[in-house]
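Subject: Handing over a structure

Dear colleague,

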Amino acid sequence: MNAIANVSRREFIKGLFRTGALVLTASVVPEILRAQTSASGTSPTDAILRPNVFVAIQSDDTISIVAARSEMGTGISTALPSVLADELDADWTRVKIQQGDGDKRYGDQDTDGSHSVRSFFDVMRTCGASARFMLIQAAAAQWNVPADACETELGTVIHRPSGRKATYGQLAESASKLPVPDPAQLQFKPKSAWRFIGKETPRYNLDALCTGQPVFGIDQRMDGMLYASIERPPVFGGKIKSYDDKQTLKVRGVHQTVEIPPFDPPCAMQALGGIAVIADNTWAALQGRQKLKVAWDNGPNATYDSSKYRDELKATSHRPCKVIRNAGDVEAEFARGRKIVEADYYVPLLAHASMEPPVAVADFRDGKVTVWAPTQDPQTVQSAIASELDIPVKNVTCHVTTLGGGFGRKSMADFSVEAAYLAKAIGRPVKVTWSREDDIKFDYYNSTSAMYMKAAVGKDGKPTAWLQRSTFPPITSLFKLDAVYGDPGHLAQGWTDVPFDIPNLRVENGAAKAHVRIGWLRSVANIYHAFAVHCFADELAHLAGRDPLDYLLDLIGPPRILNLNGADYPNYGASYETYPIDTGRLRHVLELAAEKSGWRKRKPISGTGWGIAVHRSFTSYVATVVQVEVNAKGELRIPRVDTAVDAGQIVDPMLVRTQFEGAAVFGTSVARSGQITATNGVIDQSNFYDYPIARISEAPFQTNVHLIESSASPGGVGEPGVPPFIAALCNAVYAATGKRVRELPLSKLDLSRAGADSKSSTS
Amino acid sequence: MIRLKVNGVEKSFDGDPQMPLLWYLRDELGLMGTKFGCGVGLCGACTVEQGGKAIRSCVTVMSSAAGSEITTIEGLGRGRLHPVQKAWMRLNVPQCGYCQSGQMMQAAALLKNNHKPNDADIDKAMAGNICRCGTYQKIRAAIKVAAEEVA
């Protein structure tokens with residue numbers, strides 16, 4: 001449902017645009033129904049009839065489009081406005097994109113879940129077409145000619161019979177007095193006439209990014225601003241017993257220290273607490289912090305040990321758990337005496353490590369907060385600060401900067417809350433910058449998961465029964481202290497929706513209590529679920545002596561809409577009618593990736609291997625073929641990746657390809673070396689030497705992205721590349737070395753020829 | 001008093017001589033193009049040029065910058081766009097863009113000494129610069145494009 005409103009005369013736009021501008025807003029109820037509880041407490045229904053989109057056509061021909069979604073590298077602040085500009089028939093060189101502040105009028109702004117295009121594609125088009133309609137009406141009235149005799153071209157209305165022309169800017173004021181057309185009156189461009197949709201549009205802020213302009217959160221400054229570095233409780237939920245800041249205060253440039261109280265459980269978006277050192281510059285703050293002497297009360301999580309916890313998760317996954325989806329009778333089939341195959345898979349906690357660490361600048365004056373933050377979710381920043389400082393939400397202004405990477409970390413408001421708390425405490429603007437060590441040690445980690453897989457295999461090598469159990473501390477533990485089970489939204493991520501054609505199939509989920517903050521990381525639960533499902537499928541293929549591609553096609557079965565056997569399946573907030581799981585599309589991308597990579601022509605060469613996997617997530621279908629080389633010393637190279645993508649209608653193929661190239665690198669980091677562990681509740685890793693990120697020499701040398709042309713409703717592209725890549729990489733490692741990867745990261749496995757069997761080298 | 005040149009302009013500093021150049025550039029001079037990434041010389045986000053060489057400003061203390069000429073991304077093209085910046089734009093290299101100042105400074109230093117780097121040269125020179133978004137493939141291609149203009 002979309003509703004366009006003419007707000008050209010409305011009070012709230014004064015100061016934003018010149019008088020006489022035609023200003024339209026569009027209200028949309030996005031299809032997205034986030035399964036998890038939104039931290040801001042907003043539900044999709046709250047978004048009804050709140051404008052999500054603003055477009056203003058001004059008398060100087062400038063077309064201002066507000067980008068209400070956060071820009072963290074996907075190019076969304078270019079892509080969505082380009083859709084509107086296309087239907088408006090605007091001159092792209094006159095389009096000015098304004099980053100929207102946090103404002104509930106924009107509806108849900110949390111830029112996560114890979115749904116920006118999915119949720120806003122139609123409304124952008126409707127908004128553009130409505131404005132174009134009104135501009136034509138205005139011109140027709142002025143010239144006293146029929147509207148249908150007028151046409152538009154790049155920001156100009158033209159009446160060819162009389163040769164009259166007027167620019168959108170010249171028509172804006174009279175158009176602003178017209179009513180908004182009924183949607184039935186709108187004429188959308190035929191696909192063949194699209195100028196921007198499906199084409200490559202240069203990134204809007206490219207020159208700023210290439211010349212070092214201060215666009216990021218960490219670049220923001222205010223007059224009189226001080227700098228803060230915060231010593232946080234080393235164990236999640238810990239508190240200060242006592243502290244001594246005498247030496248700290250002697251450091252040149254240090255002004256004071258401020259104690260930040262511990263959070264009130266559940267932690268949600270609150271600050272972790274600790275002691276802030278306030279100084280003239282970042283360096284002085286860091287130096288002063290080193291001189292703090294703090295005695296901590298580490299609290300109940302001080303006994304948390306990630307290796308013991310791993311064993312607990314594994315033990316849970318070996319017991320019957322909560323049934324999420326069931327077809328047939330797996331137990332009866334397992335009892336029939338067929339060949340049984342079992343495997344345990346494990347993925348550790350993972351940190352985000354965006355290149356720009358968490359950072360925020362805040363100012364508090366006259367009971368109001370202004371904060372600049374690289375946030376994916378400015379409305380949650382507003383509500384979390386309002387709650388912390390006990391002020392109304394309307395007294396919190398959140399300016400969204402460009403994000404130096406987000407990957408889900410910056411959907412969290414904790415670092416902005418810290419800045420606001422300190423600004424109030426010291427009565428001056430303050431910038432809180434997290435060090436890399438802070439970022440790694442105090443993240444909202446992607447969950448760790450133990451997965452148990454069991455299959456009964458028939459004579460043809462195909463499973464007749466399939467059981468999968470996944471156990472992971474859930475993200476909902478952030479908001480509910482007793483949450484131990486995965487919520488339907490996260491179980492839907494590659495688990496409930498296992499797409500195989502097996503008569504007896506059961507999906508289960510076991511309980512797990514969180515001891516650290518769990519959060520969203522690019523593709524989230526799909527990371528561990530797709531790893532287990534698609535590596536186990538590869539194991540069965542090899543046991544059956546079949547080519548993994550043929551075997552996968554058999555497992556997926558004939559093209560059909562997947563029957564989820566009545567399971568609770570939120571489908572990434574999309575309706576199952578518009579976005580069903582279509583196994584035909586899965587098969588199609590799989591066959592395309594195989595064809596483009598030359599899968600069927602591959603030759604067995606010692607020390608090399610190919611792996612394949614296909615996965616649907618965020619309503620997009622992705623198949624990936626990874627080629628690896630493993631030398632005698634066990635060093636891994638990834639010379640080539642081929643990824644086939646069916647994401648429905650694509651807005652900008654260059655941006656989409658870029659997301660999948662990036663996903664392959666992201667997946668490489670996860671698979672090669674991604675691992676967060678804890679000892680006595682303290683995170684063991686701290687910087688890039690012990691939490692390595694793939695470098696140019698380790699990342700895939702060449703990633704080829706093959707996009708399927710489609711007019712289907714648009715799907716996500718930011719996240720879906722990660723899950724199949726990781727599984728395909730691990731399957732390739734097996735093909736090259738004969739060693740099964742059942743635990744991530746690969747760095748725990750000895751891949752050298754002399755190396756032992758695929759047993760994990762850690763406890 | 002420490003004296004140095006930053007992007008051709010004489011500067012003096014009388015603060016902590018142990019302060020890393022990175023924080024001097026950012027917090028004192030307001031040159032925000034040079035980025036903080038790790039603070040220990042592992043990621044390359046803070047790369048600047050000192051006397052023609054790419055260095056990590058997060059582990060270069062002010063006392064060792066004394067008397068030297070520092071070039072940051074803001075001064076790389078000397079008022080115009082450097083060939084690497086042009087190539088970066090032409091190939092749409094950045095995703096989030098945060099690491100790209102450091103990537104471009106490192107690439108510019110590589111091209112000073114090697115006008116026709118091959119893949120191995122590029123991997124070796126750029127291995128200290130992390131890009132979390134994963135733009136490496138485009139970085140490699142852009143360096144080759146820039147090399148054509150430099151040569």
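In chain A, helix H16(A) passes helix H17(A) in a right-handed crossing, a term used when the near helix is turned clockwise from the far one by less than a right angle, anticlockwise being left-handed. Please keep in mind that this is a predicted model, in which local features need pLDDT of at least 70 and side-chain atom pairs count only at pLDDT 80 or more, while totals for chains, interfaces and linings use all residues. Residues are numbered from 1 along each chain as its sequence is written, and chains are lettered from A and ligands numbered from 1 in the order in which they are written.

H16 spans residues 653-673 and H17 residues 722-737 of chain A, and the two pack at an angle of about 55° with their axes 8 Å apart (axes are lines fitted to C-alpha atoms over the stretch in contact, and angles run from 0 to 180 degrees between N-to-C directions; helices are DSSP runs of H or I, at least four residues, numbered from the N terminus). That angle makes H16(A) oblique to H17(A), since under 35 degrees counts as roughly parallel, over 145 as roughly antiparallel, 65 to 115 as roughly perpendicular and the rest as oblique. Among the residues making the contact are Phe666(A) and Gly667(A) of H16(A) and Phe725(A) and Leu729(A) of H17(A), where contact means C-beta atoms, placed from the backbone, within 7 Å.

Between the chains, the contact takes 43 residues from chain B and 45 from chain A. Helices H1, H3, H4, H5 and H6 of chain B each give two or more residues to the side that touches chain A.

Best regards

Technical notes:
Contact = placed C-beta atoms within 7 Å.
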